[in-house]
Amino acid sequence: MLPYLIELLALPLAGLAACYGLGTVLLWVSGLQAEEPFFTIFLRLLTGLLMLVVSYALVRTGGVSILLPVPLLLGGVVLALRRPAAGATPAPARLGPALGLTLVLCLAVFAGQYALVYEPGTAHLQTPFQDYVYYSRLTLMLNQFGLETNSLEVVFPQFQTVQPYHYLEIWLNALLVWVSGLPSVWVLFVSMTTMLLTIAGVGFAAIYAWCGVKAAWAMLLGGLMLTVNGTIWPFLEGFLFVGNGSLLSHLPAQLHPKLGPVYIAMVLSGLLLLRQRWVAAALALPMLPLLFVATAPAALAGVVGLVLYLGLSRQLPWQRALLLLAPVGAVGVYMGLFYALQPAPYQFPHAGHSSLLASVLPAGQELETLINIAIGVLLNYGIYYVGYAALAGLLWWTGSARTPLIAPAGWPWMAWAAATLLGALLMRTLSHHFLDGFQFFSNPMVPLSAVVLAIVLGQVLRGQATARLALAAAGLLGLLLVNTLPRITDNARFSTQFLARVGPVLQALPARGGYLLGDADYQNAYMLASDAYTAGTYVSNFRNDYLLLSLSALVPDSLNTDPRFARDSTQAALATDQSTLARLTQLRQRVGRPLSPDSAALALVQRAGLRFICASPRARLPPTLRPLVHARYRDSRSGEVLYVLRPSVFAVPPQLP
């Protein structure tokens, strides 16, 4: 039994075909000549993807999308590429074999993603980790409300507004779900990810092909680049210092879908810098913050580093070199104005935003701490990527002709990569009090490291025999094996019997539900985000439009003294205040109708019209809600419980607070 296999496979195949067809037409109209086959295919796929997704986003939002400048930047890249580069393969290029290898890569990526959620002997796939479920639920906000937000608040829309995030992959998922009607979480994890990783893999193959590696080997090594995201060495996992660095690394074949756009933009930039297309690269790099806002500091630093190198090395006159800063500067101004001009959401007095800013900014006396953090981040980064550096060094040392590992022609892209690393490191260091501060480093550096390794390996393997190429592939596979053997996925596992029983029930009920977590379920302040960490992730197997509100009355002794939250108490307080339950409580307090802790959950059930509650094994149903229960389903595998509430409770329309 292979649930949804055909449907989930048809989506990326049809999607990539549509992207390729549209990209081919647009690039033909622009007059861009074909170059090396993999680069041509990559550019066509990327062009079609960006135009389809951004067009869909603009239609849904009425033009209010952060992605608006992306087609303009892409058009600039295409225009800058119209003049053939030195060393480029002139048209016509034979694309047939490369297209065949692209299809093979797509099928391989799909097989890997599908296998990670496949549950033998059941009609359902496993439910991926919480983050994937959360991203898939954001599809609801895009498709139904046309609002680029990372909040799932719908009961009190006055708190909603446009927010910076990473939307390209979520918009792509929204488009695929709108077309297919399939469960959003499976589309995101399997189909959407297959599309993005296939395009990225073709881009990596184009890097190897530019370095002279034969087509089949270029595609094999390009596909293996998708597994290069740091090695988690089992014998070092017991050390807390190294364990914290695991945020750099994910299961190799299970790349975080959110990083797909970063991979594609980084690969495009690397290919343009290899071709010494400075103007095109300067137009491609500003796409990064538009696609993924957390990469903005690193992207800016990379452009500045490239400009400084080109000016200091006299490869460009300073006047022309400085002009390369214009696109990234314009994007920065656009992003600032875009978010500044959006309607401000309603905020309670003393909402805590000023204290939040004060809590995440480093203090003046922390200089020594900041230096230690920067050194620690670099050491951790080195530990996770030392295996790949050793592989490249070994291949170079044992090569038939020991040419310089990085020739002078490669110094511009090295300047870009080094500056990007420094920018990411600086932002990671300065934001060490911020819960998501690690993302300023890991999100740009994981894709960038794969791009740098591909370029280095491509140059080392230039003109080498098949045995050397096989050794490189074996080394990458060996590091993949080190990462994979001791690990299991973070998928949520539910029994087949439970899913078979609750599936029809959930599909027949209205889409509004709640969830309960026990106090012990909250391990740190990061888990207080009521939209991202929930019980009942299995609901995503059956519905795309469901609402899941927190009913958990988490009242620790004090956010300042509880060891789970004390270090990040200000951010923890802000996270708890952003739940719908907390907002209802504060709104009722402001109109003189306060709610007691015991009655708050009941008030939210009635106010939002909730019809079911998903509870974790550690959660306990509040006494005020027990009379509402119509049916109860407990999963023997996970211990989670589904409570179905009586419809008669909602005979009287809920009153506004």
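This is a predicted model: local features need pLDDT of at least 70, side-chain atom pairs count only at pLDDT 80 or more; totals for chains, interfaces and linings use all residues.

Analyst: Gladly. Domain bounds come from an automatic or database domain assignment. Here, the protein chain is divided into domain 1 (5-83 + 95-351 + 365-485) and domain 2 (496-645). Residues are numbered from 1 along each chain as its sequence is written.

User: How many residues of each domain are in contact?

Analyst: Contact means heavy atoms within 4.5 Å. In this model, 39 residues of domain 1 are in contact with 34 residues of domain 2, and the C-alpha centres of the two domains lie 34 Å apart.

User: Which residues have the most contacts inside the largest nonpolar core?

Analyst: A nonpolar core is a set of buried (under 20% relative accessible area, 1.4 Å probe, protein chains only) Ala, Val, Leu, Ile, Met, Phe, Trp, Tyr and Cys residues joined through side-chain atoms within 4.5 Å. The largest one has 225 residues, and Phe204, Leu476, Tyr538 and Leu642 have the most contacts inside it. Both domain 1 and domain 2 give residues to this core, so it lies between them. As for Tyr538, the residues it touches include Thr127, Phe494, Cys614 and Leu642, leaving aside those up to four places away in sequence.

Methods. Side-chain values use heavy atoms; hydrogens and water are left out. Buried means under 20% relative accessible area, exposed over 50%, partly exposed in between (1.4 Å probe, protein chains only).
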